[in-house]
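Here is a quick tour for anyone opening this structure for the first time. Have a look at it, then read on.

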Amino acid sequence: MSKSGVTVTPECISKFNELKLGKSIKYIIYKLSDDYKEIVVEEASTDTEWENFQNKIMNAKASYKGKEGKGPRYAVYDFQYELEGGEGTRNKIVFISWSPDEGTLVFPRMTYASSKEALKNALNGLGAEVQANNEDEIEYSTILKDISRGKR
């Protein structure tokens, strides 16, 4: 359980294990349930197009007390990249915490921030973590540059 009292559903862990072990799932997007009590799987996809994943994350919505704003999300993405100098291909499972700086309602943003560690701790085998708060930080090249150098 997180500091906010939010719990992680078993499906979050089982889908992550499918991604990690089966390699058929490319990414998983997680969200808080409508009552803000559980972290649930919003989508698990085999789509390899980064732009589709990025659009889903950036266009997510959250509502609270009748108001709607941009929605924070957690995601796990199986990055595959080439090492410099032709040394081969690598995979890294990256945990992404997306919480836009602008247009996000305060309660959802605070709840996501205080619940992140509960999800991360439940997902054994993460290779890197990225915190993204604006569109530049969720660009494929930005994340890939950081994770391939081991910065995140």
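A word on burial first: a residue is buried under 20% relative accessible area, exposed over 50%, and partly exposed in between, using a 1.4 Å probe and protein chains only. What you see is a predicted model, so local features need pLDDT of at least 70 and side-chain atom pairs count only at pLDDT 80 or more, while totals for chains, interfaces and linings use all residues. Residues are numbered from 1 along each chain as its sequence is written, and side-chain values use heavy atoms, with hydrogens and water left out.

**The sheet and a hairpin**

- Helices (H or I, at least four residues) and strands (E, at least two) are DSSP runs, numbered from the N terminus.
- Two strands pair if DSSP finds at least two bridges between them.
- An open sheet is built from 6 strands in the order S1-S3-S2-S6-S7-S8, with mixed pairing.
- Its edge strands are S1 (7-8) and S8, each of which pairs on one side only.
- Inside that order, S2 (residues 27-32) runs antiparallel to S6 over 4 bridges, and Ile 28 has Val 76 in S6 as its bridge partner.
- S4 and S5 make a hairpin with 2 residues between them, and Lys 65 in the turn has a positive phi of about 50°.

**Two helices with a buried side**

- A bit of background: an α-helix has 3.6 residues a turn, so residues three or four places apart point the same way.
- In H2, the buried residues are Trp 50, Phe 53, Gln 54, Ile 57 and Met 58.
- They cover an arc of only 125° around the axis, which puts them on the same side of H2; the arc is that of the directions from the helix axis to the C-beta atoms.
- Those buried H2 residues pack against S2, S6, S7 and H4, where contact means heavy atoms within 4.5 Å.
- H4 (residues 140-148) has Ile 143, Leu 144, Asp 146 and Ile 147 buried.
- They span an arc of only 165° around the axis, so they sit on the same side of H4.
- The cover over the buried residues of H4 includes H2 (50-58), S6 (73-82), S7 (89-98) and S8 (128-132).

**The kinked helix, H3**

- H3 covers residues 106-122, and its 17 residues should span 24 Å at 1.5 Å a residue; the end C-alpha atoms are 25 Å apart, which agrees. The expected span is 1.5 Å times one less than the number of residues.
- There's a kink of about 40° in H3, centred on Ser 115. The bend at a residue is the angle between axes fitted to the seven residues ending there and the seven starting there.
- Buried residues in H3 include Pro 108, Tyr 112, Ser 115 and Leu 119.
- Arg 109 is also found in H3, and is partly exposed at 25% relative accessible area.
- Arg 109 and Gly 71 are 38 residues apart in sequence, yet 7.9 Å apart in space, C-alpha to C-alpha.
- Leaving out residues up to four places away in sequence, Arg 109 touches Pro 72, Ser 99, Pro 100, Asp 101, Thr 104 and Asn 133.

**Aromatic rings**

- Rings of Phe, Tyr and Trp (its six-membered ring) pair if their centres lie within 6.5 Å; planes under 30 degrees apart count as stacked, over 60 as edge-to-face and the rest as tilted.
- The structure holds 14 aromatic pairs.
- In one of them, the rings of Phe 53 and Tyr 77 have centres 5.0 Å apart and planes at 55°, so the pair is tilted.
- Phe 53 lies in H2 and Tyr 77 in S6, so this pair ties together parts that are 24 residues apart in sequence. Both Phe 53 and Tyr 77 are buried.
- Phe 79 and Tyr 140 form a stacked pair, at 5.2 Å centre to centre with 25° between the planes.
- Since Phe 79 lies in S6 and Tyr 140 in H4, that pair ties together parts 61 residues apart in sequence.
- Phe 79 is buried at 0% relative accessibility, whereas Tyr 140 is partly exposed at 27%.
- Ring pairs link Tyr 27, Trp 50, Phe 53, Tyr 77, Phe 79 and Tyr 140 into a cluster.
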